[in-house]
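This report describes selected local features of a protein model. Please have the sequence and the structure at hand while reading.

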Amino acid sequence: MPEIKVTPLGAGQDVGRSCILVSIGGKNIMLDCGMHMGYNDDRRFPDFSYITQNGRLTEFLDCVIISHFHLDHCGALPYMSEMVGYDGPIYMTHPTKAICPILLEDFRKITVDKKGETNFFTSQMIKDCMKKVVPLNLHQTVQVDDELEIKAYYAGHVLGAAMVQIKVGSESVVYTGDYNMTPDRHLGAAWIDKCRPDILISESTYATTIRDSKRCRERDFLKKVHETVERGGKVLIPVFALGRAQELCILLETFWERMNLKAPIYFSTGLTEKANHYYKLFITWTNQKIRKTFVQRNMFEFKHIKAFDRSYADNPGPMVVFATPGMLHAGQSLQIFKKWAGNEKNMVIMPGYCVQGTVGHKLLSGQKKLEMEGRTTLEVKLQVEYMSFSAHADAKGIMQLIRMAEPRNVMLVHGEAKKMEFLKDKIEQEFTGISCFMPANGETTTIPTNPSVPVDISLNLLKREAAFGGPLPDPKKPRTMHGTLIMKDSSLRLVSPEQALKELDLNEHQLRFTCRVQLQDPYSDTDTLSRVYNHLKSVLKGYTVQHLPDGTVMVESIVLKVSSSAEDPNTKVVLLSWSYQDEDLGSFLSSLLRKGLPP
Amino acid sequence: SSAEGNTPGCHPTLPCNVLKFKSTTIMLDCGLDTTSVLHFLPLPLVHSPRLSKLPGWISKDGAVSLEKELKECAGRVFVDSLPEFCPPERELLDLSTIDVILISNYHCMMALPYITEHTGFTGTVYATEPTLQIGRLLMEELVNFMERVPKAQSATCWKNKEIQRLLPGPVKEAVEVWTWRRCYSMQEVNSALSKVQLVGYSQKVELFGAVQVTPLSSGYSLGSSNWIIQSHYEKVSYVSGSSLLTTHPQPMDQSSLKNSDVLILTGLTQIPTANPDGMLGEFCSNLAMTIRAGGNVLVPCYSSGVIYDLLECLYQFIDSANLGSTPFYFISPVANSSLEFSQIFAEWLCQNKQSKVYLPEPPFPHAELIQTNKLKHYPGIHGDFSNEFRQPCVVFTGHPSLRFGDVVHFMELWGKSSLNTVIFTEPDFSYLDALAPYQPLAMKCVYCPIDTRLNFHQVAKLLKEVQPLHVVCPEQYTQPPPTQSHRSDLMLELQPPPMPYRRCSVLGLPFRRRYERIQLLPELAKSLVPSEIKPGISVATVSAVLHTKDNKHVLQPPPKPAPVPPSKKRKRVVEEPPELVTPKPLLSGAVPLEPFLALLHKHGITEVKVEDTPDGHILHLQAEDTLIQLEEDGTHIVCDSNEPLRATLRDLVLRFLQKL
């Protein structure tokens with residue numbers, strides 16, 4: 001029985017280090033290769049020893065696909081390809097290919113240069129890893145080899161985020177990566193066609209949330225920023241350099257313009273301008289509105305938002321600062337946070353999800369005293385606001401995608417176990433016949449597939465059948481067609497039996513039966529024939545029964561003749577002759593006539 | 001069961017063909033023949049005393065006078081009316097029956113509004129995103145050129161056959177002038193383009209479940225594509241406007257064209273004798289020479305395409321040629337959009353340009369030319385341009401026919417001075433015809449046509465590589481050009497020879513479909529019992545129910561007969577006739593005498609008298625009063641009143657035979 005096997009190495013009942021292994025039709029695919037923000041030890045990367053204990057991964061994997069540039073989806077890529085060893089193709093979209101190495105380099109710098117870790121991947125490894133990348137265009141069918149094909153769909157999570165369909169023969173898997181079903185200020189909504197995969201592997205970050213309308217959240221966000229700035233406070237918004245940051249910049253930029261506000265807005269790190277440049281060059285990946293107006297006004301050229309310098313953090317007066325990274329686990333955002341945390345006039349707005357173990361997560365769970373490195377504690381007096389701006393599908397969105405793709409099974413990853421449980425029940429309730437899985441890391445889910453068998457049918461046979469069926473065949477009276485399946489090498493051809501004989505150079509063997517049935521029927525031969533005709537006509541409803549002028553009766557292709565017995569004119573002999581092809585009817589007729597004619 | 005092509009368009013580089021394949025009607029491209037505008041007088045943007053003073057035309061004997069409609073200039077006659085185009089033939093087929101239109105590049109979609117609007121067309125148009133966006137710009141520009149110079153007069157008398165016959169020169173030879181049409185409106189453009197569905201290279205698009213179409217990179221322009229039209233068994237490649245040269249677009253995908261049954265070849269270079277690289281060199285040197293001498297350079301061009309390459313070439317050339325202070329102007333209502341759009345289609349560009357966006361930098365260097373103020377672009381000659389205009393300068397502007405657009409103004413302005421030069425780079429129009437209404441002209445004219453599309457040498461190489469079974473092409477490609485009839489290298493020479501087509505011709509494509517894909521449901525597949533009939537060949541009889549939906553065929557197991565209600569069962573068991581039309585399989589093989597006799601014996605039939613006949617044997621089963629005739633190709637059982645015996649004999653015979 002053919003089957004698909006799915007094993008998460010990361011993101012199984014967890015958010016972070018997404019890495020899912022899929023075996024389908026004899027092919028092995030790795031979906032994403034992320035790192036975990038909450039760990040600094042081995043658990044940071046997926047456990048590749050699951051694939052093989054010794055040596056390189058190349059011979060065990062047919063391809064690697066990266067869904068988008070966030071580090072929890074691509075952060076382990078250079079480690080996997082250069083340190084564990086993988087030389088096969090790595091697929092990602094153009095924007096991901098452009099941005100991913102920058103974030104990896106950033107990550108490397110923080111880890112190695114700032115924290116002084118050794119045994120980590122180097123800049124050169126990032127470069128070598130990126131050389132293995134094959135860019136992927138939306139909706140393009142990429143033939144990885146003769147059997148394995150992949151196709152990317154728009155996911156709307158960040159610039160260049162993609163969902164991917166993996167197909168071998170008639171078996172298929174869809175992996176969503178992270179996605180968003182509602183268009184936002186800079187990206188469009190995820191979309192997929194009714195591709196009916198055997199399994200849909202979906203993220204479930206917001207499995208239990210049905211988020212209120214985006215407009216409300218935006219208004220709320222602007223109000224909070226505005227109030228803080230008005231009372232002279234500073235607003236820190238930890239973000240990742242690309243993604244939500246651009247959306248919030250567009251939001252603040254238009255608000256500042258409309259309200260004619262003067263407080264400075266800064267964006268940390270040199271990445272910003274570069275980041276915005278990527279958005280300009282990949283404008284085809286943004287939403288409809290931005291694409292339509294980009295010639296007149298490029299939304300990513302900001303007037304009010306300036307580059308941040310470290311020294312500005314100590315400037316008096318109100319300001320808004322976007323700083324990286326988004327979970328306050330390291331870098332500039334954490335430094336600024338430390339400076340501002342003691343003042344209750346200030347505010348930090350967390351616009352996205354925070355992984356367990358990060359400062360961001362601790363803040364959001366309400367901790368007021370944070371233990372920092374070097375055994376110091378930091379007292380948190382500033383206001384902490386959480387606002388879900390991260391572009392993940394909520395429960396409603398996940399259900400919507402299931403409706404779009406019509407999968408046979410659903411697997412939830414990239415979420416918390418408890419929340420998944422809830423969504424799993426909901427999915428199985430709402431979609432009868434769909435099984436939902438939520439494996440933990442290292443746990444393999446096996447899904448039997450039931451592929452139909454593609455066969456080449458001769459056009460003659462097909463047309464003959466179609467002609468019988470008419471334009472609208474009656475579904476209650478299906479017609480059975482007969483053909484011969486010829487199996488030679490790997491080809492399967494269905495032809496008419498006559499054609500099969502001819503092609504295989506076989507003789508036809510005619511098997512015939514002849515039967516004489518005696519009847520006591522005191523009439524003339526012609527009258528008896530008529531009586532036979534009437535009897536058969538009344539019994540054989542739906543059959544063609546003909547009384548022919550040459551003194552015979554024909555039932556379909558079986559001929560009946562009547563003659564008198566030489567000895568007794570009242571004894572009639574009905575002669576029936578039929579071929580094996582009409583055996584059922586011939587046998588029936590002979591038995592029927594043996595019982596005599598009705599009076 | 002075969003495919004058929006027909007041809008509403010006539011221009012080999014602006015194709016418009018229709019392919020009927022598996023009951024799907026597919027229009028291949030929608031090119032607009034604009035050479036008709038050459039018969040018209042130019043549309044000046046500002047009043048031109050010269051043009052308005054041209055004498056009206058009167059026949060030599062004075063009998064026919066069309067002074068208002070026709071003007072004479074330097075011995076030629078021009079129609080004084082809004083220029084008209086020659087759209088694809090519309091009588092040949094009912095446009096409402098077209099299911100889809102496949103567009104290969106933005107130059108080949110300019111007739112779209114004539115096909116999709118007011119014709120009952122309800123189909124879908126497929127094009128790549130750059131093709132749609134740049135095609136829209138080119139249409140917008142065309143409409144803008146026409147609409148900003150309203151002309152009250154509409155000349156029609158000259159089209160009268162009797163009158164046209166009397167006219168001199170090229171106008172007399174113009175064909176099908178009655179079908180010529182005015183330019184469409186922006187509203188029609190928007191409506192036509194709303195029917196476009198975007199596709200990416202190598203995207204498989206299913207049409208009605210019957211046919212799959214896939215665009216492939218053709219290397220000619222941004223988003224330009226060749227198309228594969230295929231079923232599971234037949235493959236037609238449509239190769240239109242392809243280039244093997246390394247310019248800005250993604251290279252041509254050749255390997256996917258392999259294994260084609262039919263390859264339709266159109267859009268070859270119009271100037272097979274000119275080498276694009278050489279032309280580019282000549283373009284630069286003529287430009288520099290004119291500027292150094294204090295003259296101006298006019299480059300009539302389309303707003304997208306080769307201009308990107310010209311600007312890139314100049315970017316490298318400007319400093320070395322000491323042209324750093326010369327202003328370069330690009331004037332078009334869509335100049336800005338065209339330059340901006342060119343920078344956002346990285347996915348559709350050659351590797352070299354693609355990798356630039358990873359830095360991130362704009363893929364085309366004209367961004368830098370604009371930033372450093374070396375290149376300036378304006379929507380038209382009025383407004384800002386008139387204030388900033390400095391001479392000597394280089395102006396890129398349209399339309400390359402010299403009949404409308406800002407180029408008309410510059411021809412009038414610079415035509416009288418021999419210091420100035422007009423350099424023709426677009427190959428679509430004969431430069432002599434284009435210049436005719438401006439004669440006499442003092443300005444220098446240089447002809448550097450740059451056409452990067454395939455030449456005959458490259459085609460031969462390509463076809464050798466992809467090996468299609470049959471090639472179909474416009475008849476122009478099957479003979480040398482009329483002016484160079486000795487050049488047998490300027491035609492397609494193939495074995496088997498290509499099948500030529502001409503405007504309005506209908507062509508049967510040379511393949512017969514013999515198979516169709518069908519799916520056996522897993523339950524059915526599992527129930528099959530294969531038997532090996534020859535070494536390596538097995539057969540299985542299949543009895544199944546055919547289901548066809550959206551042109552997809554599926555075979556299901558036949559339904560199990562409904563159980564007869566038990567109460568009626570006994571009474572009606574015999575009267576119930578067998579299910580209608582359930583024929584048994586065909587049989588093959590022979591029944592050998594001795595083993596058959598042994599088998600009979602085993603079943604208690606021992607009294608058998610065997611009689612030899614010329615073709616076999618007759619077996620008398622004496623106790624049972626039954627005959628069995630055994631022959632090589634047949635067995636005949638004559639058994640009168642013993643039905644159980646007949647059934648036993650049947651089954652024994654069947655043991656020796658194969659079922660098909």
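Ser59(B) is found in the loop between strand 4 (56-58) and strand 5 (65-73) of chain B. Helices (H or I, at least four residues) and strands (E, at least two) are DSSP runs, numbered from the N terminus. Because its relative accessibility is 10%, Ser59(B) counts as buried; buried means under 20% relative accessible area, exposed over 50% and partly exposed in between, with a 1.4 Å probe and protein chains only. The side chain of Ser59(B) makes a polar contact of 2.7 Å with that of Asp61(B). A polar contact is a pair of N or O atoms within 3.5 Å; within protein, one must be able to donate a hydrogen and the other to accept it, and residues adjacent in sequence count only if both atoms are side-chain atoms.

The model is predicted: local features need pLDDT of at least 70 and side-chain atom pairs count only at pLDDT 80 or more, while totals for chains, interfaces and linings use all residues. Residues are numbered from 1 along each chain as its sequence is written, chains are lettered from A and ligands numbered from 1 in the order in which they are written, and side-chain values use heavy atoms, with hydrogens and water left out.

Next come the aromatic rings. Rings of Phe, Tyr and Trp (its six-membered ring) pair if their centres lie within 6.5 Å; planes under 30 degrees apart count as stacked, over 60 as edge-to-face and the rest as tilted. Over all chains, the count comes to 38 aromatic pairs. Two pairs are listed here.

| Pair | Centre to centre | Angle of planes | Type |
|---|---|---|---|
| Phe145(B) and Phe404(B) | 6.0 Å | 55° | tilted |
| Phe385(B) and Phe410(B) | 6.0 Å | 75° | edge-to-face |

Phe145(B) lies in helix 3 (residues 129-147) of chain B and Phe404(B) in the loop between strand 18 (394-397) and helix 13 (407-414) of chain B, so this pair ties together parts that are 259 residues apart in sequence. Phe145(B) and Phe404(B) are both buried. Phe385(B) belongs to helix 12 (residues 384-388) of chain B and Phe410(B) to helix 13 of chain B, so their pair ties together parts that are 25 residues apart in sequence. Phe385(B) and Phe410(B) are buried.

In chain A, ring pairs link Phe45(A), Phe48(A), Tyr79(A), Phe107(A), Phe120(A) and Phe121(A) into a cluster.
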